[in-house]
Amino acid sequence: MTTIQKKAVLGQTSPIAHLTDADIEQIGIELDAIRQDVLDDRGASDAAYIRRVIDTQRKIELGSRAVLLFSAFPPAWILGTAGLSISKILDNMEIGHNILHGQWDWMRDPKIHSSTWEWDMASPAEQWKHSHNELHHTYTNVIGKDNDLGYGIMRVDEDQTWTPASLAQPLFCFINAVFFEYGIAAYDLELGSVIKKKQTKDPDFRRRAKQVLGKIRKQATKDYVVHPALSIPTGSFLPTLAANFTANVVRNLWSNSVILCGHFPEGVETFEKRSIEGETKGEWYVRQMLGSANISGSKFLHLMTGNLSHQIEHHLFPDLPSNRYAEIAPKVKALFDKYDLTYCARPMVPQVASAWHKVIRLSLPNGWLATTNTKNAPQQLAVLYKMATGDRRTRRLLGRKLESEARAAA
């Protein structure tokens, strides 16, 4: 049985303690049946859906860029920037992400295939597919194996040692959100690990880094040179430049928020490396169920999230067409209820707030936030200062005290 990481600070126990090995394998069998039903039924309507979305995205982008030729006129700047932001989000989320997962490879259309598609992101498609499809989806929320969990820059679980550097976590998280596409490119390159191991001269790393730099140069040329230059005759060079930058930031912030909602809100489980040793297919399914979270909302919201608002269903069936997730979500939810498992789903704003609450909570020592209120805030800040400036022994002793107080208050 998969071992869910214990969180002694919160007094939590495994949410699957009530399941037998037979239960877990039966869950896998029932999920396989749901998947097969979709595989047997996909066809012309699904193909028409993705072609329609691609056509719509391209028309929105073309129209928005045409409007931005006159972006010196404020209403044109607002309309063009909004349209360009939407087109970039669609390209990134519902189109690029899902095509690169191979969700539409069954169509055998060489123009809409995971082996040929390239997207409007700093990370080359091939590098992203390796880090995301092969690593993240295999090792979902396994600490030390799934670097999508915190992107190597955040403390993501109570059992990870708190250090004074953790206090900067919310700032790092925000900066990463603003420049998300470049953070993903650096992550796909495993840049932090390469620098730490002094492997920057490795030929394979240099080859991959050259690919990333080439992709960034191509994007920058398009967004910050060519299209602004086309606006020069109308005196709109700088407004168009600003519009392109704004659209990229909007896309980055939106994508980052959706990804945070998918794996980082309160209530989503993390896992130890040892918990996946000898993992069965049923146990893999259960890990996806408990390591993912959904966003509830309208059809438009689902479209703009690339249907990653159905993150649970996506992680269970990453190769199924994204437009089918809403259809199978009630069946998956019924399976959660049948086996008394928590289906983590909230509207967008509460889910984003929950994820950021966790970012902030884990930037602080275990138990600090839970034991702090308006009355004792000065004393708690003094404790935090001592932990931030003290040595390891000081941090350990004060940390144990905070955890004990949190357990008593729970």
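Q: Which residues are linked with Glu61 and Arg65 in a network of salt bridges?
A: The model is a predicted one. By the rule applied to it, the count of salt bridges comes to 24. Some of these residues join in a network, and the residues linked there with Glu61 and Arg65 are Lys88, Asp120, Glu181, Lys222, Asp223 and Arg251.

Q: How many residues apart in sequence are the parts that the pair Asp46 and Arg324 ties together?
A: The side chains of Asp46 and Arg324 form a salt bridge, with N and O 2.9 Å apart. Both Asp46 and Arg324 are buried. Asp46 belongs to helix H2 (residues 44-68), whereas Arg324 sits in the loop between helix H12 (311-316) and helix H13 (325-338), so the pair ties together parts whose separation in sequence is 278 residues.

Q: Where do Glu158 and Arg361 lie, and how many residues apart in sequence are the parts they tie together?
A: A salt bridge joins the side chains of Glu158 and Arg361 at 2.7 Å, N to O. Glu158 is in the loop between helix H4 (125-136) and helix H5 (169-178) and Arg361 is in helix H14, so this pair ties together parts that are apart in sequence by 203 residues.

Q: Are Glu158 and Arg361 buried or exposed?
A: The two residues meet through their side chains in a salt bridge. As to their accessibility, both Glu158 and Arg361 are buried.

Q: Which residue has a side chain in polar contact with the side chain of Asn366?
A: Asn366 is placed in the loop between helix H14 (348-363) and helix H15 (377-389). Its relative accessible area is 11%, and Asn366 is therefore buried. A polar atom of the Asn366 side chain lies 2.9 Å from the backbone oxygen of Glu158. The side chain of Asn366 also makes a polar contact of 3.4 Å with that of Glu403.

Q: Is Glu272 buried or exposed, and is Arg274 buried or exposed?
A: Glu272 and Arg274 form a salt bridge in which the closest N and O atoms are 2.6 Å apart. The relative accessibility of Glu272 is 19%, so this residue counts as buried. For Arg274 the value is 59%, so Arg274 counts as exposed.

Q: Within what arc do the buried residues of H16 fall?
A: Helix H16 (residues 392-409) has 18 residues and reaches 25 Å from its first C-alpha to its last, close to the expected 26 Å. Its buried residues are Arg395, Leu398, Gly399, Leu402 and Ala406. They line one face of the helix, because the arc within which they fall, seen down the axis of H16, is 110°.

Q: Which exposed residues are carried by the face of H16 turned away from its buried side?
A: The buried residues of H16 have a cover that includes H15. On the face turned away from that buried side, the exposed residues are Arg393, Arg400, Lys401 and Ala408.

Q: How many disulfides does a search of the whole structure find?
A: A disulfide is a covalent bond between the sulfur atoms of two cysteines. The cut-off for such a pair is 2.5 Å between the sulfur atoms. A search of the whole structure gives a count of zero.

Q: Which cysteine has the sulfur nearest to that of Cys173?
A: Cys173 takes part in no disulfide. Cys173 counts as buried because its relative accessibility is 2%. The nearest cysteine sulfur is 11 Å away and belongs to Cys261.

Q: Which residues does Asp105 touch, not counting residues up to four places away in sequence?
A: Asp105 is found in the loop between helix H3 (74-100) and H4. Asp105 is 196 residues from Leu301 in sequence and 25 Å from it in space, C-alpha to C-alpha. With residues up to four places away in sequence left out, those that Asp105 touches are Ile99, His113 and Ser114.

Q: Near what value is the phi of Asn141?
A: Asn141 is in the loop between H4 and H5. With 0% relative accessibility, Asn141 counts as buried. Its phi is positive, in a residue other than glycine, and is near 60°.

Technical notes
Residues are numbered from 1 along each chain as its sequence is written. This is a predicted model: local features need pLDDT of at least 70, side-chain atom pairs count only at pLDDT 80 or more; totals for chains, interfaces and linings use all residues. Side-chain values use heavy atoms; hydrogens and water are left out. Buried means under 20% relative accessible area, exposed over 50%, partly exposed in between (1.4 Å probe, protein chains only). Helices (H or I, at least four residues) and strands (E, at least two) are DSSP runs, numbered from the N terminus. A polar contact is a pair of N or O atoms within 3.5 Å; within protein, one must be able to donate a hydrogen and the other to accept it, and residues adjacent in sequence count only if both atoms are side-chain atoms. The expected span of a helix is 1.5 Å times one less than its number of residues. The arc is that of the directions from the helix axis to the C-beta atoms. Contact means heavy atoms within 4.5 Å. A salt bridge is a side-chain nitrogen of Lys or Arg within 4 Å of a carboxyl oxygen of Asp or Glu.
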